[in-house]
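Me: Please examine the structure shown below and answer a series of questions on its fold, its strand pairing, its pocket and its backbone.

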Amino acid sequence: MKITEPQDPQFATVLEAKLLQELIASSTQAKKMSFSLALTCADGASLGGLSASTSYGWLLIKVLFIAPSVRGRGYGREVLQQAFARAKSLGCHSVWLDTSNPAARRFYVKQGFESFGTLINDDGDAPLGHQRRFMKRKI
């Protein structure tokens, strides 16, 4: 037996699929679905969006990005609300995410999220003091 770095670019996808297949076989709540929402302007140009997935009744927000030029106009809140509605229709009860951006953290707190864990770099770790906050809320 040996451990190597795989050369197949699909290795991680296949590995995750095998794990999920096993979880689904052992739990009726192991429903996993991915979806995205795009925020576009009238001419079709991208202004941002959201990428998420569901599993075990939870929505995981992987990415939420709103172009800096249109932030502060409620678009982030609207995208979240649509994601919450989609998640509820898929049987989700709650949502979670993580962020290391202080401004994003303040935004999420305003949207009803609360922290449930933090990873903090210790002395000697780079970048010093970096924090990754894990947040959740009911939907």
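Me: What share of the contacts in the chain with a separation of 6 or more comes from residues 24 or more positions apart?
Reply: The model is a predicted one, in which local features need pLDDT of at least 70, side-chain atom pairs count only at pLDDT 80 or more, and totals for chains, interfaces and linings use all residues. Residues are numbered from 1 along each chain as its sequence is written, and side-chain values use heavy atoms, with hydrogens and water left out. Contact means heavy atoms within 4.5 Å. Among contacts with a separation of 6 or more, the share from residues 24 or more positions apart is 51%.

Me: Which residue in the hairpin of β1 and β2 takes a positive phi?
Reply: Two strands pair if DSSP finds at least two bridges between them. β1 (residues 33–40) pairs with β2 in the antiparallel sense over 8 bridges, and Thr 40 stands opposite Ser 46 of β2. The hairpin has 5 residues between the strands, and the residue with a positive phi, near 90°, is Gly 44.

Me: Which residue of β3 is the bridge partner of Gly 48?
Reply: β2 (residues 46–55) runs antiparallel to β3, and 8 bridges join them. The hairpin of these two strands has 2 residues between them. The partner of Gly 48 in β3 is Ile 66.

Me: Why does Tyr 56 count as partly exposed?
Reply: Tyr 56 lies in the loop between β2 and β3, and its phi is near 55°, a positive value in a residue other than glycine. Most residues other than glycine have a negative phi. Buried means under 20% relative accessible area, exposed over 50%, and partly exposed in between (1.4 Å probe, protein chains only). Tyr 56 counts as partly exposed because its relative accessibility is 29%.

Me: What is the handedness of the β-α-β unit made by β3, α2 and β4?
Reply: β3 and β4 run parallel and are joined by 3 bridges. Leu 59 has Val 95 as its bridge partner in β4, while Leu 60 has Trp 96. A crossover is right-handed if, with the strands pointing away from the viewer, the path from the first strand over the helix to the second runs clockwise. The unit of β3, α2 and β4 is right-handed.

Me: Which residue of β6 is the bridge partner of Trp 96?
Reply: β4 runs antiparallel to β6, with 6 bridges joining the two. The β6 partner of Trp 96 is Lys 136.

Me: Is Ala 83 buried or exposed?
Reply: Ala 83 is found in helix α2. Leaving aside its neighbours within four places in sequence, Ala 83 is in contact with Phe 35, Leu 37, Leu 50 and Leu 59. Its C-alpha atom is separated by 9.1 Å from that of Ser 51, 32 residues apart along the chain. At 0% relative accessibility, Ala 83 counts as buried.

Me: How much space lies in the largest pocket?
Reply: On a 1 Å grid over the protein atoms alone, a pocket is an open set of points where a 1.4 Å probe fits, with protein on both sides within 12 Å along at least five of seven lines; lining residues have an atom within 4 Å of a point. The lining has 25 residues, with Leu 64, Arg 71, Ala 103, Ala 104 and Phe 107 nearest the centre. Grid points are joined across faces, edges and corners, and a volume is the space filled by probe spheres set on the points. For the largest pocket this is about 650 Å³.

Me: Which peptide bond is cis, with omega near -10°?
Reply: Most peptide bonds are trans. Pro 127 has its place in the loop between β5 (114–120) and β6 (131–138). The cis bond is the one from Ala 126 to Pro 127.

Terms used
Helix = DSSP H or I, 4+ residues; strand = E, 2+ residues; numbered from the N terminus.
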